Each structure stands twice: as C-alpha cells, then as structure tokens.
Amino acid sequence: MPNKLDAIDHNILRALQQDGRLTNVELADKVGLSPSPCLRRVKRLEAEGIIRGYRAIVDRAATGLGLTVLTEIKVGRHTRKNADALQEALEGVPEIVSCHMVSGAPDFIAEIVVPDLAAYEQLLSNVLLNLPMVQDIRSNFSLRPVKTDGPLPVPS
C-alpha cells in the first residue's frame, strides 16, 4: 500500500493531470514548493506507482478512429480459468482501450475504438467471437462522447 498522500502530493497530482508537460519549476510554483523538494516528491510518486506514466491524449476522430463501441462480454462456463483466459485475451486486443470486469449480466465491459462499423464487424467476427470462453457479446454504439479522459478526483 502506498504511503499516505498529503495535501501537497494531491496538489501535484491534480496539476499534472491538468498538464503533464509542466516543467518542474512550473509545477513547484503551482504547488508552493521550491523545485528540489517538488522533484523529490514527483520522483517518489512515480517510484510508488501512484504516477504510472505520461502520455498524449489523442483525438480519436482526428486520427480516423470514429467509432467507439461499449461491448458487454459474458463468459461461458464460469470458472476462474475461463475468466483469466478471457481477461488475458482482451488485454491483447489493441482496439480495446479500456476494459473492466463487472458485476451484473455481463462479466466484462470493453471500450473498443475502431475506424468504422466495418472494422468493428471484422474485430467482432475474427477476434472476439472466436475466443472459446465467450458465451455472449452485446454491442452498444456511442453516438457521441459526453466525458472522456477525465482526471481522477484527487481529494482536496
């Protein structure tokens, strides 16, 4: 379990979620520290896995990925082995940008991003439906995004 985070750590996390390209000097100024202690805190947050990485948030439509599908997947013959095998298979599908094991009717909900309906049909037919542990798949097509890539609600 990570060390207890204090208010300055929370401020650092909020600032970096807003702009991961802040320089250490800019970040230190925003959180009220001098640069050296700020850098030490950021390095500690990274080492503890609280900050897992940095990346660009890419516009889906601008890169030709115009279709988002929320896909409900049900495991056949509920065993730990089948659930683990399906989880491993889903982790290996690049079009799946987010996936959760859930309670309720489906066992997994996967967020899939593809160029269009034809690409989703190919993925569904050639990959997802060929997984032997899949019993049922239901697809929900996103009409438009309402909120995506939101920052975590780090406590104040």
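**Entry 1: a pair of strands**

I began at Ser-98, which stands opposite Glu-111 in strand 3. Strands here are DSSP runs of E with at least two residues, helices are runs of H or I with at least four, and both are numbered from the N terminus. I worked on a predicted model, where local features need pLDDT of at least 70, side-chain atom pairs count only at pLDDT 80 or more, and totals for chains, interfaces and linings use all residues. Residues are numbered from 1 along each chain as its sequence is written, and side-chain values use heavy atoms, with hydrogens and water left out.

Next I looked up how strand 2 and strand 3 (residues 108–114) pair: the sense is antiparallel, over 5 bridges. Pairing means that DSSP finds at least two bridges between two strands. The two also form a hairpin with 6 residues between them, and Gly-104 in the turn has a positive phi of about 115 degrees.

I traced an open sheet of 4 strands in the order 2-3-1-4, with antiparallel pairing. Strand 2 (96–101) and strand 4 (134–141) are the edge strands, each pairing on one side only. From one strand to the next, the twist averages 20 degrees.

Helix 4 (residues 80–91) packs on this sheet and touches strand 1 (67–75), strand 2, strand 3 and strand 4; I count a contact when heavy atoms are within 4.5 Å. The direction of helix 4 makes about 160 degrees with that of strand 1, using lines fitted to C-alpha atoms (for helices, over the stretch in contact) and angles from 0 to 180 degrees between N-to-C directions.

**Entry 2: strand 3 again**

Which residues are the bridge partners of Ile-112 in strand 3? I found Val-69 and Ile-96. Strand 1 and strand 3 pair in the antiparallel sense over 7 bridges. I also noted that 6 of the 7 residues of strand 3 are buried, that is, under 20% relative accessible area with a 1.4 Å probe, protein chains only.

**Entry 3: the cores**

The largest nonpolar core has 20 residues, and Ile-73, Leu-86 and Ile-112 are among those with the most contacts inside it. Such a core joins buried Ala, Val, Leu, Ile, Met, Phe, Trp, Tyr and Cys residues through side-chain atoms within 4.5 Å. Strand 1, helix 4, strand 3, helix 5 (117–126) and strand 4 each supply at least two of its residues.

Note on methods. Buried < 20%, exposed > 50% of the residue type's maximum accessible area, 1.4 Å probe, protein only.
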